[in-house]
Amino acid sequence: MDQQQCIQNVHMNGGTGETSYSANSSVQKKLITRPIVEEAILNMLSNLYGNNTISAATSKPRKTTIGITELGCSSGPNALSVISRTLEMIYNKHCESGIVMPEILVFLNNLPSNDFNTLFKDVGNFCDDLRRTKRDGSGPCFVAGMPGTFYGRLFPSDTLHFIHSSYSLHWLSQAPEEIKKTNKGNFYITKSSPASVVTAYLNQFKKDFMIFLECRSEELVEGGKNGVNTCGKEQFKRSY
């Protein structure tokens, strides 16, 4: 399966039914490393404001926009959990310091075949809850979908302050070309796959991950943070 086929055809089960990703993603939720995410957010806020922030009590507050994205968001409750916590921490930080709340841009990314319809039904409820709990004190929050592969540029330079991706980067841009003849028609590692197939997938991951980091480095502002949570094995074992 080449990259274009992956972009067009690979996605989680949509909807909210019994077999949907939305109803079967509790394990992924448990594995989100919130302490690391929260540390990254606080560090980002410190880098953003430093000692130069003008508080609401001074003559003219500085207008600030904070860009946030969830890469590989799929749909369901996990898609907005880290975004919700990020906004809560930004709100608390500004309340404590008297800083005028910034405008927030939230981008939800996945491949074009993702179930964005279900996702944006949840976004509507998310925005309603935000307005109800924080009222006018939360500042404007704009949410948009950003369809496309994260193995390429998605945003203009210096757009994002915080990037988060949880359990998405093990999905590669494509199956390695060299496995077509050696992996018996499979585009994944099986019990019968030779060692060369494992090596091919490792090399593909290294290539994809480097592209991912290079693209994000262009899109992050200076002092921005990129939080990635993914899965892997310390040593490959031929058991599944």
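Select Phe209 to begin: this residue is partly exposed, with a relative accessible area of 28% (buried means under 20%, exposed over 50% and partly exposed in between, using a 1.4 Å probe and protein chains only). The model is predicted, so local features need pLDDT of at least 70 and side-chain atom pairs count only at pLDDT 80 or more, while totals for chains, interfaces and linings use all residues. Residues are numbered from 1 along each chain as its sequence is written, and side-chain values use heavy atoms, with hydrogens and water left out.

Rings of Phe, Tyr and Trp (its six-membered ring) pair if their centres lie within 6.5 Å; planes under 30 degrees apart count as stacked, over 60 as edge-to-face and the rest as tilted. Phe209 and Phe212 are three residues apart in helix α6, which separates them by about one helical turn. Helices (H or I, at least four residues) are DSSP runs, numbered from the N terminus. Phe212 has 0% relative accessibility and counts as buried.

Keep Phe212 selected and show Arg216. Arg216 lies over the face of the Phe212 ring, 5.0 Å from its centre; a charge sits over a ring if NZ of Lys or CZ of Arg is within 6 Å of the ring centre and within 35 degrees of the ring normal.

Now go to Phe205, which is partly exposed at 28% relative accessibility. Phe205 and Phe209 are four residues apart in helix α6 (residues 195-219), about one helical turn.

Finally, select Phe150, Tyr151, Phe205, Phe209 and Phe212 together: ring pairs link them into a cluster. Across the whole structure, the search finds six aromatic pairs.

Terms used
Helices (H or I, at least four residues) and strands (E, at least two) are DSSP runs, numbered from the N terminus.
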